[in-house]
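The entries below follow the order in which I looked things up.

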Amino acid sequence: MADLKDFAEQLVNLTVKEVNELATILKDEYGIEPAAAAVAVAAGGGAGADAAEEQSEFTVVLKAAGGSKLAVVKLVKELTGAGLKEAKELVDNAPSPVKEGVSKDEAEALKAQLEEAGAEVELK
């Protein structure tokens, strides 16, 4: 039983890089897809700060339309490809996600554009 506790402690204390290497080994050598387990181990261990730094997908959340609501609605319509009605509803129902699962660069670019139009934006 002590061996299992030691093993569990080793798993919990893995860095994000080590978790990714473990996931690769399990997939390549054993045919196991451990994506959800690897994320849980990384987030549960002392590597929480590393996991935040290694985040690869972001959600752009519109917190408020700001002073020029019309400009924000037009920009949301353009950025999301949604119709005018859907874009207006998204802006009216803020806080709401504008785009989910985007790269850091794309998320920052969207945030900059929305803030330039007067909106309050947050990246998650």
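Entry one, the helix pair. I looked up helix 5 (residues 69-80) and helix 7 (residues 104-116) and found that their axes come within 9 Å and cross at roughly 155°, the axes being lines fitted to C-alpha atoms over the stretch in contact, with angles from 0 to 180 degrees between N-to-C directions. Helix 5 is therefore roughly antiparallel to helix 7, a label given to angles over 145 degrees. I noted the crossing of helix 5 with helix 7 as right-handed, meaning that the near helix is turned clockwise from the far one by less than a right angle.

At this contact (heavy atoms within 4.5 Å), Leu75, Val76 and Leu79 of helix 5 meet Leu110, Gln113 and Leu114 of helix 7.

Entry two, the basis. The model is predicted, so I kept in mind that local features need pLDDT of at least 70 and side-chain atom pairs pLDDT 80 or more, whereas totals for chains, interfaces and linings use all residues. Residues are numbered from 1 along each chain as its sequence is written, and side-chain values use heavy atoms, without hydrogens and water.

Thr80 lies in helix 5 and counts as partly exposed at 29% relative accessibility (buried is under 20%, exposed over 50%, partly exposed in between, with a 1.4 Å probe and protein chains only). What does its side chain reach? A polar atom of the Thr80 side chain lies 2.7 Å from the backbone oxygen of Val76, and the side chain also reaches the backbone nitrogen of Ala82 at 3.2 Å. Beyond four places in sequence, I found Thr80 in contact with Val98 and Lys99; Val98 is 18 residues away in sequence, with 7.1 Å between the C-alpha atoms.

Ser96 sits in strand 2 (residues 96-102) and is buried, with a relative accessible area of 10%. Its side chain reaches the backbone oxygen of Leu90 at 2.8 Å, and, neighbours within four places in sequence aside, Ser96 is in contact with Val60, Val61, Leu62 and Leu90.

Entry five, the whole chain. I recorded 7 helices and 3 strands (DSSP runs, H or I of at least four residues and E of at least two, numbered from the N terminus), and 26% of the 124 residues count as buried.

Methods: Parallel < 35°, antiparallel > 145°, perpendicular 65-115°, else oblique. Polar contact = N/O pair within 3.5 Å; in protein donor to acceptor, adjacent residues only side chain to side chain.
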